[in-house]
Amino acid sequence: MGGHDRVLKASRLVVRLFLLVNFLCILGFVVAILLSFPVDGWIVARLVRKYGPTLNVQGAMLALRVVMVWGVVAGLVLHRILTQLLAILDTVRRGDPFTAANATRIRAIAWAMLGLQLLDLVQGAMTAWFAALHVQFATWTPAFGGWVAVLLLFVLAQVFARGAEMRDELAGTV
Amino acid sequence: MPVVVKLDDVLHARRMTLTELAAAVDISVVNLSILKTGKARAIRFSTLEAICTVLDCQPGDILRFEGGEA
């Protein structure tokens with residue numbers, strides 16, 4: 001039991017840490033988007049120095065800003081997942097996790113994970129865009145595991161909802 | 001509710017209190033009270049068996065189906 005408590009405590013700490021780091025990342029992306037306008041000339045000069053005068057500067061700047069907006073959206077979706085996960089962990093700590101509310105939370109996480117998967121596809125498109133601009137960007141491969149996780153979470157939410165119903169029924173049994 | 005719990009009547013006939021029954025069947029007074037007042041949604045066979053053993057009665061003495069209401 002003590003071991004479980006320690007794992008639970010560590011899990012809550014990790015999720016809180018992720019929430020903080022994620023919040024700082026979102027803040028960073030927002031600041032970067034806002035700063036990209038006043039220091040537009042400086043960024044263009046750096047890009048031209050690195051990639052040469054043939055670079056499609058307008059396209060590259062637009063692509064960079066789209067990446068930053070993508071980062072903000074992904075961060076918000078991740079925030080949703082982490083807050084729901086923290087709420088579930090809190091119910092585990094209180095000793096009553098098998099509730100309809102947690103089934104709803106798992107379903108919300110499943111939808112958010114689906115959102116992240118769609119954002120992953122957008123990242124793939126952005127990779128192709130950067131390649132067309134001849135600007136360095138991260139490599140991308142489709143995340144099949146993520147799609148399986150989405151399916152698993154939707155099924156788990158359904159199982160949890162049924163389990164909570166059964167528990168409620170049992171609560172009235174003498 | 002068409003199924004009515006007659007535990008109170010049987011207890012009265014046996015001159016037994018709910019607390020005494022609770023101690024004899026090893027079920028909390030709170031749970032037996034829920035059963036007695038008809039607030040329980042279900043009853044386990046083990047609970048029914050224990051009550052019938054202690055009160056020396058049949059399940060039909062405790063539970064009765066009344067009326068054709070849905």
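**Exercise 1.** Which helix of chain A gives the most to the nonpolar patch?

*Solution.* A word on the ground rules comes before the steps. This is a predicted model, so local features need pLDDT of at least 70 and side-chain atom pairs count only at pLDDT 80 or more, while totals for chains, interfaces and linings use all residues. Residues are numbered from 1 along each chain as its sequence is written, chains are lettered from A and ligands numbered from 1 in the order in which they are written, and side-chain values use heavy atoms, with hydrogens and water left out.

Step 1: recall that a patch is made of residues with over 30% relative accessible area and no salt bridge, where like charges are joined within 9 Å and nonpolar side chains (Val, Leu, Ile, Met, Phe, Trp, Tyr) within 5 Å. Areas come from the Shrake-Rupley method with a 1.4 Å probe, and for residues only the protein chains shown count as cover.

Step 2: list the members. Among them are A:Leu17, A:Phe23, A:Val31 and A:Trp42, and the patch has about 960 Å² of accessible area together.

Step 3: assign them. Helix H1 (residues 2-35) of chain A gives the most, with 8 residues; helices (H or I, at least four residues) and strands (E, at least two) are DSSP runs, numbered from the N terminus. A:Trp42 belongs to helix H2 (residues 40-51) of chain A and is exposed at 58% relative accessibility (buried means under 20% relative accessible area, exposed over 50%, partly exposed in between; 1.4 Å probe, protein chains only).

**Exercise 2.** Find the aromatic pairs and describe two of them.

*Solution.* Step 1: apply the rule. Rings of Phe, Tyr and Trp (its six-membered ring) pair if their centres lie within 6.5 Å; planes under 30 degrees apart count as stacked, over 60 as edge-to-face and the rest as tilted. The count over all chains is 3 aromatic pairs.

Step 1: take A:Phe98 and A:Phe160. Their ring centres are 5.5 Å apart and the planes stand at 25°, so this pair is stacked. A:Phe98 lies in the loop between helix H3 (57-94) and helix H4 (100-133) of chain A and A:Phe160 in helix H5 (residues 144-171) of chain A, so the pair ties together parts 62 residues apart in sequence. A:Phe98 is partly exposed at 48%, whereas A:Phe160 is buried at 19%.

Step 2: turn to A:Phe130 and A:Phe137. With centres 4.3 Å apart and planes at 5°, they are stacked as well. A:Phe130 is buried, at 2%, and A:Phe137 is partly exposed, at 29%.

Key:
A salt bridge is a side-chain nitrogen of Lys or Arg within 4 Å of a carboxyl oxygen of Asp or Glu.
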